[in-house]
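Hello,

Here is the structure I promised to pass on to you. My notes on what turned up in it follow below.

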Amino acid sequence: MSQDFILRFPPKGFSQALQELGLGKVISARSVLGGDINHAYKLEVESPSGAVETLFMKANSRKNADFFRTEVVGLEAIASLGILKTPQVLAWGIDDGNNNPLRGPCSFLLLEFLPSTAKASNYWEVFGQRLAEFHRADCSHLVPKTKGNSPEEDTYKTKTFGFILDNYIGATHQINQPKASWVEFFRDCRLAPQFQWAAKYFSVKQQDINEKLLARLEELLPEPDQASLLHGDLWGGNLYTGSDGHGWLIDPAAYCGHWEADLAMTRLFGGFPRKFYESYHQVNPIPKDFSRRLDIYNLYHLLNHLNLFGAGYLHQVLDIIAAFS
């Protein structure tokens, strides 16, 4: 199953991608908001019938093509559960020519264009219910089986937490090596690498405190009954109102983990409306002590912001570490 996701959309050149979509030349390419990492465009493209088709395009340098390869896999993984919608993936690839909107070598991703749409009256209730159902769905097909580490373990074992490939959280490499426990995964693939990359911000004494926090994670985080597919970067900017008036997911940093991590991320930048959480709770009950763990989960994202954007996030990071040390 994992190979199906990786190979479903092999890379194309820009002109080849349009041709295989049955489209002709680009009539216009208007720059639109698309985040801090990529260029983004609304493309108007000729079709054989003479009608104009509208596409959404992300573009970056050729060396960053892996951003789009992994995004395609994340979008396809989310769509595979059949619960939450994402924009349809049309093509991705690397272009060496001058026929693309950047007029030079680039990597690109073509997606269904989602026009601005009003929210349905029950937007937050429906999204809360669907996200809870999404988190309760089986995602075992998205974590590869790995061989045991010794001759006595030469049968294939299922590693519950991780993903079929590494991807990105923003512009940062996100490690998704399969692990048998959630705590092990969150320690070794989330917090520990970010602490390592942020080492220049910490004194020797603080680095010792950071290590002690990593050692205490088994006391602080529960093991879920099953892994959930997570969006991985679930703040308001990555939730888009689709053509049906309901919440669609964009820009995933997908992996299989504890659903609490996704829910915590929704609270990092102001939170979603109360009715979202109430609706979520009706389908997937939120433990009363969840609020105690919010900051541990969001420490990952704050460390990532520290590494991406600088010392402005250091105070928040140190406050959280101190609170759990």
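**The cavity and the pocket**

Leu-230, Gly-232, Asp-233, Leu-234, Tyr-255, Ala-261, Asp-262, Met-265 and His-301 line the largest cavity. Before going further, please keep in mind that this is a predicted model. The space in that cavity comes to about 30 Å³, and the count of cavities of 30 Å³ or more is one. Helix H8 gives the largest share of the cavity lining, with three residues. Sorted by class, the lining of the largest cavity holds five nonpolar, two polar and two charged residues.

H8 also turns up in an open site. Helix H8 (259-265) and helix H4 (123-136) each contribute at least two residues to the lining of the second largest pocket. This pocket holds about 210 Å³ of space. Its lining is made of 15 residues, and those nearest the centre are Pro-224, Asp-225, Gln-226, Trp-259 and Asn-284. The classes in the pocket lining are five nonpolar, five polar and five charged.

**Helix H10 and its two partners**

Now to the helix packing. Two packed helices are described by the angle between their axes and the distance between the axes, so I give both for each pair below.

Which way does H10 run relative to H11, parallel or antiparallel? Helix H10 (residues 290-309) packs against helix H11 (residues 314-323) at about 150°, and their axes are 9 Å apart. Because angles over 145 degrees count as roughly antiparallel, H10 is roughly antiparallel to H11. The crossing of H10 past H11 is left-handed. On the H10 side the contact involves Asp-295, Leu-299, Leu-302, Leu-303 and Leu-306, which meet Leu-314, Gln-316, Val-317, Ile-320 and Ile-321 of H11. Eight residues of this H10 and H11 contact are nonpolar, one is polar and one is charged.

The other partner of H10 described here is H5. The axes of H5 and H10 cross at roughly 25° and come within 9 Å. With angles under 35 degrees counted as roughly parallel, that makes H5 roughly parallel to H10. H5, too, passes H10 in a left-handed crossing. From H5, the residues Trp-182, Phe-186, Arg-190, Leu-191, Gln-194, Phe-195 and Trp-197 meet Ile-296, Tyr-297, Leu-299, Tyr-300, Leu-303, Asn-304 and Asn-307 of H10. By class, the contact of H5 with H10 has 10 nonpolar, three polar and one charged residues. You will find Leu-299 and Leu-303 of H10 in this contact and also in the one with H11.

**H5 against H6**

Helix H5 (residues 182-197) also packs with helix H6 (residues 204-215), at an angle of about 175° and with the axes 11 Å apart. H5 and H6 are therefore roughly antiparallel to each other. H5 brings Arg-187, Leu-191, Ala-192 and Phe-195 to this contact, while H6 brings Asn-210, Leu-213 and Leu-214. The H5 and H6 contact divides into five nonpolar residues, one polar and one charged. Leu-191 and Phe-195 of H5 take part here, and both also meet H10.

Best wishes

Note on methods:
Residues are numbered from 1 along each chain as its sequence is written. This is a predicted model: local features need pLDDT of at least 70, side-chain atom pairs count only at pLDDT 80 or more; totals for chains, interfaces and linings use all residues. Side-chain values use heavy atoms; hydrogens and water are left out. Axes are lines fitted to C-alpha atoms, for helices over the stretch in contact, and angles run from 0 to 180 degrees between N-to-C directions. Helices (H or I, at least four residues) and strands (E, at least two) are DSSP runs, numbered from the N terminus. Angles under 35 degrees count as roughly parallel, over 145 as roughly antiparallel, 65 to 115 as roughly perpendicular and the rest as oblique. A crossing is left-handed if the near helix is turned anticlockwise from the far one by less than a right angle, and right-handed if clockwise. Contact means heavy atoms within 4.5 Å. Ala, Val, Leu, Ile, Met, Phe, Trp, Tyr, Cys and Pro count as nonpolar, Asp, Glu, Lys and Arg as charged, and the others, Gly among them, as polar. On a 1 Å grid over the protein atoms alone, a cavity is a set of points where a 1.4 Å probe fits but cannot get out, and a pocket is an open set with protein on both sides within 12 Å along at least five of seven lines; lining residues have an atom within 4 Å of a point. Grid points are joined across faces, edges and corners, and a volume is the space filled by probe spheres set on the points.
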